[in-house]
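Subject: Structure for your review

Dear colleague,

Please find the structure below, together with its sequence. My notes on what was found in it follow.

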Amino acid sequence: MGTTSSDAEWRPHPFSWAPGAQQRHATTTRRWSHGAEVVALCGATVVADNSVQAWWWTTCEPCDVEAHRLAGVPMPPGVPRRRGPTTGGTPVVGGAALPR
Ligand SMILES: [Zn+2]
């Protein structure tokens, strides 16, 4: 007894959320403690903040996307996605397709 086993650990996802630097980041670090530096999925190194209000910070967008990919969950529809510049001069009217 007394072994800190990791296999039996309940870990439903391959990442953890780690609030830090005013945003809620995701990290692959299994365990982090308040004040520890963690490397987030977006590449930023943040000081983890386990305070209550930290969990109400907004989600870091690159971390959100990467966390969804790690979990194998598609991003929910309605998430604003930046569009690249169109090559033509005609603006594209979105959502104009009507069923026939
Ligand atoms: Zn992030």
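A residue is called buried if 20 or more other C-beta atoms lie within 10 Å of its own, exposed if 12 or fewer do, and partly exposed in between, with C-beta atoms placed from the backbone. Please note that this is a predicted model, in which local features need pLDDT of at least 70 and side-chain atom pairs count only at pLDDT 80 or more, while totals for chains, interfaces and linings use all residues. Residues are numbered from 1 along each chain as its sequence is written.

Overall layout

The chain has one helix and four strands, in the order β-β-β-β-α from the N terminus on. Helices (H or I, at least four residues) and strands (E, at least two) are DSSP runs, numbered from the N terminus. Of the 100 residues, 18% count as buried. Two residues are in contact if their C-beta atoms, placed from the backbone, lie within 7 Å. Among contacts between residues at least 6 apart in sequence, 37% join residues at least 24 apart.

Strands E1 (residues 16-20) and E2 (residues 23-27) run antiparallel and are joined by five bridges; two strands pair if DSSP finds at least two bridges between them. Serine 16 has threonine 27 in E2 as its bridge partner, and glycine 20 stands opposite glutamine 23.

Most residues other than glycine have a negative phi. Alanine 21, however, has a positive phi near 55°, and glutamine 22 has a positive phi of about 65°. Alanine 21 is partly exposed because 16 other C-beta atoms lie within 10 Å, whereas glutamine 22, with 11, is exposed. In E2 itself, four of the five residues are buried, so this strand is largely enclosed by the rest of the structure.

The helix

Helix H1 covers residues 61-71, and its buried residues are Cys63, Glu66 and Ala67. Seen down the helix axis, these buried residues fall within an arc of 105°, so they line one face of H1; the arc is that of the directions from the helix axis to the C-beta atoms. An α-helix has 3.6 residues a turn, so residues three or four places apart point the same way. E2 is included in what covers the buried residues of H1.

Valine 65 also lies in H1. This residue counts as partly exposed because it has 16 C-beta neighbours inside 10 Å. The C-alpha atom of valine 65 is separated by 9.1 Å from that of cysteine 42, 23 residues away along the chain. Glycine 72, which follows H1, has a positive phi near 75°.

The nonpolar core

A nonpolar core is a set of buried Ala, Val, Leu, Ile, Met, Phe, Trp, Tyr and Cys residues joined through C-beta atoms within 7 Å. The largest one here has eleven residues, among them Phe15, Ala26, Leu41, Val46, Cys60 and Cys63. In soluble globular proteins, nonpolar side chains tend to be buried together.

Alanine 48 is another member of this core. Leaving aside neighbours within four places in sequence, alanine 48 is in contact with Ala18, Pro19, Gly20, Trp32, Ser33, His34, Gly35, Ala36 and Val38.

With kind regards
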